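The tour goes stop by stop.

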Amino acid sequence: MRFLLTDEQREFARALDGMLGAAGVPAAARAWASGEHKPGRALWARIARAGVFGLAVPERYAGAGRLPVELAVSFVELGRHAVPGPVVETVASAAFLTRLGEAGADGAAAAGEWLPRIAAGDAVLTLAAGAPYALDADAADAVLVVEGDTVRRTDAHGPVQPSLDPARRLSRPLGGTVLARGPAVSVAAAHARDLARLATAAQSLGLGRALLAATVAHVKQRTQFAVPLGSFQAVKHRLADALIGLELAEPLVYAAALAVAADAPSAGREVAAAKAAAGEAGYAAARTALQLHGAVGYTEELDLSLWIRKARPLRDAWGTPAECRTRVLEG
């Protein structure tokens, strides 16, 4: 099995990295956390023009086709730059609507309405499947709520609840119109959950890479007892542990993407394994960054806090490490 990215995939990652690096993401994330969505929606449009959301949308709905590996590549970069908004939930919604559309007339109408808009970046969707809260319902054009074998669409939501990551705004979806009922809903929701876990794992991987790079740069510059902080053996060990965790998680993420692309029977287990490994590696990198930055690491004014505060919610979103390990063991 080939785990190395192709030249085209690496170039796609570099292009996204360059675009996001020049897009003022920290300012957009801070605005998003305060409830001001205009900068975030402008960033969303740029990401859509780069083709990211189209990677989860079939060609017949104006997307690029079903490309899980490229989707994982792009979400590593979204995580590396701490992009705000329900990016995972939107591609999960695309996966859900695609499967639902393949199953029957009710789903086909919803797929035809929303999938071209998702690919173009004109629609922000969020998906609540088996959870009481929806992410960024206040910024979404629609919330899809899956309860058992029923899915409903709503625009209404309760008050925004506080979150460990201020840029992850949670609220309860209210009311709504039933889009479809039946076993096809549960099947589509399971597929969407796997894609959401894959995208979240890739985000955690990119986030951890960014935190590790920032911390290495900091300990090279910061001095203690007239020598760089990074020269101390204990500091080197912490950084090495964080690096090893990320290095071990990366092939799991891309192996899971290949399994999803091939519709392999093991895809659900491989995605769960990748999610557990990448989520914990990203969180470990965040803890290392917080501690090695010292007192400055605890300040919200430091942009690094946007990455640090995102690590644990990403670790637990769409399945905690314990839940994902249970999925692996269930076979």
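Start at Ala242. Beyond residues up to four places away in sequence, Ala242 touches Leu212, Ala285 and Thr288, where contact means heavy atoms within 4.5 Å. Its place is in helix H8, residues 233-261. Helices (H or I, at least four residues) and strands (E, at least two) are DSSP runs, numbered from the N terminus. Ala242 is buried, at a relative accessible area of 2%. Buried means under 20% relative accessible area, exposed over 50%, partly exposed in between (1.4 Å probe, protein chains only).

A note on the model before moving on. It is predicted: local features need pLDDT of at least 70, side-chain atom pairs count only at pLDDT 80 or more, and totals for chains, interfaces and linings use all residues. Residues are numbered from 1 along each chain as its sequence is written, and side-chain values use heavy atoms, with hydrogens and water left out.

**Rings**

Select Trp44 and Phe53. How are their rings arranged? A search of the whole structure finds one aromatic pair. The ring centres of Trp44 and Phe53 are 4.6 Å apart and the planes meet at 20 degrees, so the pair is stacked. Rings of Phe, Tyr and Trp (its six-membered ring) pair if their centres lie within 6.5 Å; planes under 30 degrees apart count as stacked, over 60 as edge-to-face and the rest as tilted. Trp44 is buried at 2% relative accessible area. Phe53 is buried too, at 0%.

Next, show Arg172 with Tyr133. The charged end of Arg172 sits over the ring of Tyr133, 4.7 Å from its centre. The criterion: NZ of Lys or CZ of Arg is within 6 Å of the ring centre and within 35 degrees of the ring normal. Then go to Arg315. Its charged end sits over the ring of Tyr283, 4.6 Å from the ring centre.

Select Gly85, Leu135, Arg168, Gln203 and Leu314. Of the 16 residues that line the largest cavity, these are the closest to its centre. The volume of this cavity is about 100 Å³. On a 1 Å grid over the protein atoms alone, a cavity is a set of points where a 1.4 Å probe fits but cannot get out, and a pocket is an open set with protein on both sides within 12 Å along at least five of seven lines; lining residues have an atom within 4 Å of a point. Grid points are joined across faces, edges and corners, and a volume is the space filled by probe spheres set on the points.

Which helix gives the most to this lining? H5 does, with three residues. Color H5 (87-103), H7 (183-221) and H10 (304-316): each supplies at least two lining residues.

Zoom in on Gln203, in helix H7. Gln203 counts as buried, at 5% relative accessibility. Leaving aside neighbours within four places in sequence, its contacts are Phe75, Gly79, Val83, Val87, Val88 and Leu314.

Finish at the largest pocket, with a volume of about 560 Å³. Select Ala131, Arg168, Asp316, Ala317 and Trp318, the closest to its centre of the 22 lining residues. Strand S1 (125-129) gives the most to the lining, three residues. S1, strand S2 (134-135), H7 and H10 each supply at least two.
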